[in-house]
Structure formats: structure tokens, C-alpha cells
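Let's take a friendly walk through a protein model, one feature at a time. Keep the picture in view as you read.

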Amino acid sequence: MTADQRTAGTSGATLAAADAVDRGDDPARAMAEDAAEHHLMTINMGPQHPSTHGVLRLIVTLDGEAIVKVVPDIGFLHRNFEKIVESWSFAGIVPFSDRNDYLGAITNEVAVCLAVERMAEIEVPPRAIHLRVLFSELQRIISHILFYGTFGLDLGAFSPFMYAFRDREMGYALMEKATGARMLYGYNRLGGLRNDLPDSWFRELERFLDYMERQAWPEYMALLIENQIYRERTIGVGRLTPEEAIAWGASGPILRATGVAWDLRRAAPYLSYDQFEFDVPTGKNGDTYDSAMVRMLEIKESIRIIRQVLRILPDGPVLGRVRPNIRPRPGDYYSRVESPRGEVGVHLTTDGGSWPYRLKWRAPSFCHLQLIPLMARGAKVADLIAAVGSTDVIMGEVDR
Amino acid sequence: MRAAVALWERLWNTGKSMVVGHGITIREMFHKPVTVRYPEEKPPFERGSRSVPVLKVNEESGLLNCVSCGLCERSCPPSCIEIVQAIGADGHRKPWPETFQLDLSHCMVCNLCVEACPFDALEMADVVELSSYQVQDLIFNKEQLAELWKTSRALRVAGGECIDMGDDTVAAGVVRS
Amino acid sequence: MNILLYALLKAVIVVAFLGLNAFVLIWAERKISGYIQRRYGPLRVGGPAGALQSAADILKLLTKEDFVPGGADKWLWTLAPAVSLIPAVLVYLVLPIGKTVVLQNLNIGLVFFASVTSFTLLGIFMAGWGSNNKYSLVGAMRAGAQLFSYEIPLILSTIGVVIATGTLTLQGIVEAQAQHHEWFVFPQFVGFVVFYVASLAELNRTPFDLAEAESELIAGYFTEYSGIRWAMFAIAEYSNLFTTSALGVTLFLGGWHGPWLPGWMWFLLKSYLLVFIGIWIRWTLPRVRIDQLMDLGWKFLFPLSVANVLGTALYLMVR
């Protein structure tokens, strides 16, 4: 097999594996038979593998260390979110949506709330809108901290992971104080937020932001991002062109790493993002180094946005008046927000009943997962792990 | 020439980043660990932490506040609350629950039942050590829920209210390093 | 008869030290990594600062079921841990612990050390092949390429010292350093750096832990091992960590030479200092990729070590 065939083989294998799935076979078997013809080796990476970020299964055909084909196999964390919510009240969908992308819970809630509020014409008080921005950005910081840790772990550095957890814990302590829960907050309500916050909380938040900006962020950069081994491992690895990224529906830091300055907070402002000043960091090469760097810079931008929110946060109620029984206007409603991973979209169809007729969840990780075969073109095993790590997939969101 | 410069830059950055990185790890080594050694020392529960909805008991009468209206049952998204209204000897329905069952294995701790309750009968407790090998142990009846209310530090946060965190929790700090 | 008893005594001492060393190092590595990462490390089992953790671990491993995976090559699989342990034991023979304390002062001590340690590869490869596991096989192939490539700069980096002293006995090298009160780390700094980097690679430790890269290959060549067989791999690994550091001390840091304290104490102190640096490096750096590893070995360390040998020889000739 020549190098060209190998590169071309990526998409061909995807089709063969997809055929196998259509026939009801295990795609791994089809790939193994195919591989045996060429004296190659097929490995099942996952779902029980230390670095597959949950329960992702990658069927990998290897020629020694070189990757010939990669086929991601999903569905191990399927919880039937979209069907279950068809029999749930609109208010109940909000806390349930936390479970999709469990590291970006607030942004999920905001996405659902925006769709339902548009549908039922619910007024949200300005303080609640600003607080939603604040919490979305705090969530983004916490999620990107974890990305830093797990990406380091994928590359074999263990200490950054523990430092990331140390700092994430502070963020979660803040979240717990504000929302009452550590990961799955259930904080947004239709028409606002569950509860208001005292001044002491905002003071602590400022301390956290100062700590992140002055101590933690420079440490992250110096310990891992500027390390030469890390740079050699990531620069040029898992490269995507802007055209590919757009064609495959990439969004968020993966798309921005390729140089496309597409950020929903800027491109299609929701909540009150149009009132704040912030930059959209972009990369140049679309490799894993750039996507990690984009995330690191986004931490800084998020800190900047939160500081601006704190400056202009108005007083007032945080929960508007909402009728207990929502009367939906029949029709389709779509809302999209920029989650830490990319564009989260909620497509809500109602027929006027008190529960949704259909709810489609657009998960950014699902799109990014399909980029992995592209990112692993002509790579080594270690690069595949780096590529999976840099997409920052959350399987809860992929399988829903 | 350019290759030589690139090589030199790589070498220089290798050396520099090694020194800086090792400096960071050795510095962290002489800081106090941030681990909370869980069973012996417990992290402070923030005011408003929630883990399980419990039934509030009226301090004066010793009876449940619950009047068995069923609003929480209806508002519960995963339908983990089950209420059966009491029926007295005279055959009339009475304003207290005959059974009030909460299936904690289904509960997603969303606080919606508490917000739905107009009678101040539900609160969110902050007990988390409820794990069990038997799923049946996670189904609580009304006596158990009342007992949990008495033994835990429960809090009711109605929609849009401001949580009073008190000053003591501010010190029990965010920045632990 | 006397000779036999004497040999037996030596063997017992070595094995006792081997166990004790693994005992201490496993605990130390976990403790140091814990504090580096702002954790406590092992605490609960007992002893000062959880020092009995290793004892508990070994007890647990001993009592585990002896399990052979189906499809494994039984002979290769069962022999592999023993084969990887043998070189770890043998190298103690030539380590000059004190001025007069050495088990066997071979006149080709350095050659013996180098040839015995390269034996480790055999055990690793047997484990990787015998496991009938693809991750193990990939890990073993990586280990093969890696150990093979780094053996050469490792040995070449010691040649400079050999040229300077004109002897292959480790005892003689230390004595040469003690005589002139000059440790070879200063004149042979390049050699020392090459030696240390190559020895990290030989030991399969981060940033060169590709053979057991957890995030890629689960546990590499010992993925399928558990219980006492796994423990033998671990003991061999930590023993090699100590002996390679001890060789570095012998060649470059003056061995047992040092003021005030007795010689063996200096030797242990310096060796464990190098071990600590190894642990420190492990918990700081990310892992390199296989092609970068080969690049570093063949395109950087190898020429550097050759240049070091040439430079040393030229300097001595001119002088």
C-alpha cells in the first residue's frame, strides 16, 4: 500500500464500515478483514481505553505506528434525551439538558430557555440576561480549564491535569454557591434564573478571576503550552483547512483554529453579548496547537466579558412572571448559543400542546467527532490521541 | 542558514521551557496540598447546596406542611414523586398525604418541586451520603423524608429569591492556594 | 564450599536491597508526584506518611490470582517478568558502593553493566509478543526501537570517561575522580547530559515512556499482566531506575567520593538525588512521539556523543 492509497483509504474505510453497520455487522470485523488482506492491524480503541474521553470507540487500522484508517463508533452513552423530552413539560427540559454536555451545562440551559422563551414570548428581566452571560462565560472558563488538563494528559503530562482540577474546583465552588449544584446546575428557569446572588458572591468571583488571570493562566502557559515537547507534539498535528472544517460543520474553537472568526456571540449575538467588548481569538494552521491556543485565549476573553458584566449589572428581579402552564404558539423555533465546544442548537417544534412535538439537539461534539478521521490522516497513534483530545468531545452530548 | 536559526531556536526554547516547567513543578511541591481528605474532613457545604427534596415539618404541631395538593408531583420532570391523598374514616379526602414517595434514583435534583410548592412543604436538604447498593434504599417515604428534614440543613429557595449565604461561608474560601 | 556460601550471601544481600529499594522508590515516587501535584499521595495504609503503602501493595499483588490470558504464548508470557528481573539483579554485582564495598570488582565492569542492561529488552519483547495483545505488541515494538537506539548514545557517552581514566572498572573510575578531586560531570558535561537523557529513555520513563504510554497503549507491554508478575516488572523497573542513576553517579558524580560522610552514604545520597530528578522530570514533561524519539536519539544524541568522544580524545592527545 502506498502512502497515497493510505490517505485515500480513510474515507473509503469509513464507507466500508458504514456499509457493515447498515448490514447489521460490527464495523470492526469488516475493517479487520480488510486489514488482514494488507497485513495490517486493526485495534479497537475504546470504549474502555484511558484516553477516549468517556465511552468513545475508535476502530483503528494501523500499519505499524502509522494510522491507515480511523472509524469512530458512537452510541455507548445514549440516553434518549430527544425522545424523553417529548413527554416532558418545557420547564423540565431545562434541567435535563444539563446532562447533554455536562461540562457546559449552563450553555445548554440557556439554549433551551432561549428557544422556549421565544416560543412562549416570555419576558426575561435584564439582570437575568446579564447573569446568564456571566454564567455562560464562567462555564466556559471552567470547561476550558478542564480541556487544558485532559489535553495535557493525552499528551502524557500528568501534572497539568491536577493543576487544572485544582483551579476548576474553585470555579465549581463558586458555581455551587450560586446554583446549589456543582456540575448539573439546573439554574436557569423559563423567564430568568432560579435565584439571585448576594454581593459577597460577586466579590469571590472577582477574586477567582484575579487568581485565574494572574496566577493560573501564566502557569498553564509556561508549564505546558510553551513547552517545546508539547509544541513538537501539537504543531502541524491534526491539521484542518477552513474549507474542510466548514464542510463538516465544525464550530467553536476547532473552526476558529483554522482561521475562521466565527463566534455566535459575535456573529449572531444572543442574550446581551452585543453590549460587551471582546475579541474572537483565531488560529492560523487549524492544528491541535492552534485549537488549544484558541481555548487558552478564550479563557482571557471570558474573564474580560465577566468583568464587563460585573460593571454594568443592573439591579432588579432575576425571574420574570411566567404562567405556570405555558401556552405555546405552534411552529418551529431554533435557538443557538456558543457553548465551550461550539454551536449548540435547539430546534423545537410544537403543535400547541404543553410538551414539545419534537426537539432536535445540535451537538458540536457530534460534528467534531467526524473530523477525527480527517485529522488523523497520515498520523501516528500518538497523533490520533492528540487529535481526539483537541476536539474536546463530550460523549454525553454526542450520543444524547 | 535559516535551518540553523530554526534549530537554535528549538534548542533554546527546549532548554528554556524545561527550566521554567521544572521550576513550576518544584515550586508547587512546596505549597500545601489542596486535597480535602474526604471522610475525615468534609468540604464545606455551601448554603443552598441541594441534594434531595425533603418534607418540612411544622415546628409547633409536629405535622407535615404538605397538604397533598399534588403540584410537586405534576411539576416533577422525571416523575419521581408519588403522592396519595389521605381519606379519612368519614370517606372525605383529607389535607395530608397518605403516602409521599420520592424515588431518589430518578430524581435529578432540579428544585422544580420546591418552587412549585405553594405551602412551604418542601425544602432541599444538603445530605449527599445516601449511596446504597440497593435501589430500593433510594425510595424514601414521608417519614424518612421528614426525618431527613430534621437531621439536615435544609433550605428553601423559591424562584428568583436571593440566597442569603451568610458571612461565614465567604471565608471558607474559593481561593484555597 | 566457602566460595559458594559467600556467593549465596551476596545474592541474598542483592535481593534484599532490590526489594527494599523498590519498596522505598514506589512509595517515594507516589509521594513526590503527590506533592508536586498538590496532593498528599498515599496516606491511609499506615506508617509515617503512608510508608506502608508499598507493603500493602505487594501483599495485595502476591495474593492475587495467577492469571494467564487465553491465547497467550504460555512459556514466553510466564518467563518474561523473570527475564526482565535478571539483568536488574545482575548489575548490582559491579556497583562500587564504597571504597572497598563492591560485590565483584570486575575489570570490565562498565562493559558488563552495558551488556547486562541491554538484556532488559528481551524480557520486554517476550512480554509484548507472548501476551497476544495488540497494545502489548505495539508497546514491545516501541520498546525495541527505543532501547536499541538509546543504547548507543548511552554507551558512547561513557566512553569519554573511559578515555580519560584509561580503565573499564567502575572502582577505578571512581578512584580516578577521588584522586584529582574532580568529578567528571564538569569536564564531561556533554557526556553527562547525553548519558542522563539516554538513561531516561532506557528506563522507559517520561518523556520517553512510549512503551507503556498510558494514554495511547493502556499499559504497553504489560497490559495483560497482573499480580506478582506485574510486581516483578515494577520491581525491575524501579531497580533499574536506581542502578542507572548509580552508574551515572559512579561515572560522573564521583561515586562514593565526598567529604565527612562515609563513602556508601555519599553513594546512596547522590544516587537518590538523581532518582529524584528523574521523578521530577517524569511529573513535569509531556511525552514525545515515536518519530521524535528516534530523531532525538539518532540525529542529536548520537552525533553529540560521538563528538564528545572525539573531543575528549583530541584534548587528551594534545595535552
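## Two helices side by side

In this predicted model, let's begin with a pair of helices in chain A. Helix α13(A), residues 288–312, packs against α16(A) at an angle of about 30°, and their axes are 10 Å apart. How are α13(A) and α16(A) arranged, roughly parallel or roughly perpendicular to each other? Angles under 35 degrees count as roughly parallel, so α13(A) and α16(A) are roughly parallel to each other. The crossing in which α13(A) passes α16(A) is left-handed.

Which residues meet here? From α13(A) come Thr288(A), Ser291(A) and Ala292(A), and they meet Ala386(A), Ala387(A) and Ser390(A) of α16(A). Sorted by class, the residues of this contact are 3 nonpolar and 3 polar, with no charged ones.

## Chain A as a whole

Now step back and look at the whole chain. Chain A holds 17 helices and 9 strands. Its C-alpha trace spans about 70 × 50 × 35 Å along the principal axes. For 400 residues, a compact globule would have a radius of gyration near 21 Å, and the 22 Å of chain A agrees with that.

How much of chain A is buried? Of its 400 residues, 59% are buried. Among contacts in chain A with a separation of 6 or more, 69% are between residues 24 or more positions apart.

## Where chain A touches chain B

Chain A also has neighbours. Its contact with chain B takes 38 residues from chain A and 31 residues from chain B. On the chain A side, the elements that give two or more residues are α4 (90–97), α7, β6 (195–196) and α8 (199–225). Which element gives the most to this side? That is α8(A), with 9 residues.

By class, the side of chain A that touches chain B has 18 nonpolar, 10 polar and 10 charged residues.

## Where chain A touches chain C

Turn next to chain C. This contact takes 27 residues from chain A and 23 residues from chain C. The elements of chain A that give two or more residues to this side are β1 (41–45), α6 (126–154), α7 (159–179), α9 (228–234) and α16 (381–391). Here you meet α16(A) again, the helix that packs with α13(A).

The residues on the side of chain A that touches chain C divide into 14 nonpolar, 6 polar and 7 charged.

Notes. Residues are numbered from 1 along each chain as its sequence is written. Chains are lettered from A and ligands numbered from 1 in the order in which they are written. This is a predicted model: local features need pLDDT of at least 70, side-chain atom pairs count only at pLDDT 80 or more; totals for chains, interfaces and linings use all residues. Two residues are in contact if their C-beta atoms, placed from the backbone, lie within 7 Å. Helices (H or I, at least four residues) and strands (E, at least two) are DSSP runs, numbered from the N terminus. Ala, Val, Leu, Ile, Met, Phe, Trp, Tyr, Cys and Pro count as nonpolar, Asp, Glu, Lys and Arg as charged, and the others, Gly among them, as polar. Axes are lines fitted to C-alpha atoms, for helices over the stretch in contact, and angles run from 0 to 180 degrees between N-to-C directions. Angles under 35 degrees count as roughly parallel, over 145 as roughly antiparallel, 65 to 115 as roughly perpendicular and the rest as oblique. A crossing is left-handed if the near helix is turned anticlockwise from the far one by less than a right angle, and right-handed if clockwise. The radius of gyration is taken over C-alpha atoms; the globule rule is 2.2 Å times the number of residues to the power 0.38. A residue is buried if 20 or more other C-beta atoms lie within 10 Å of its own, exposed if 12 or fewer, and partly exposed in between; C-beta atoms are placed from the backbone.
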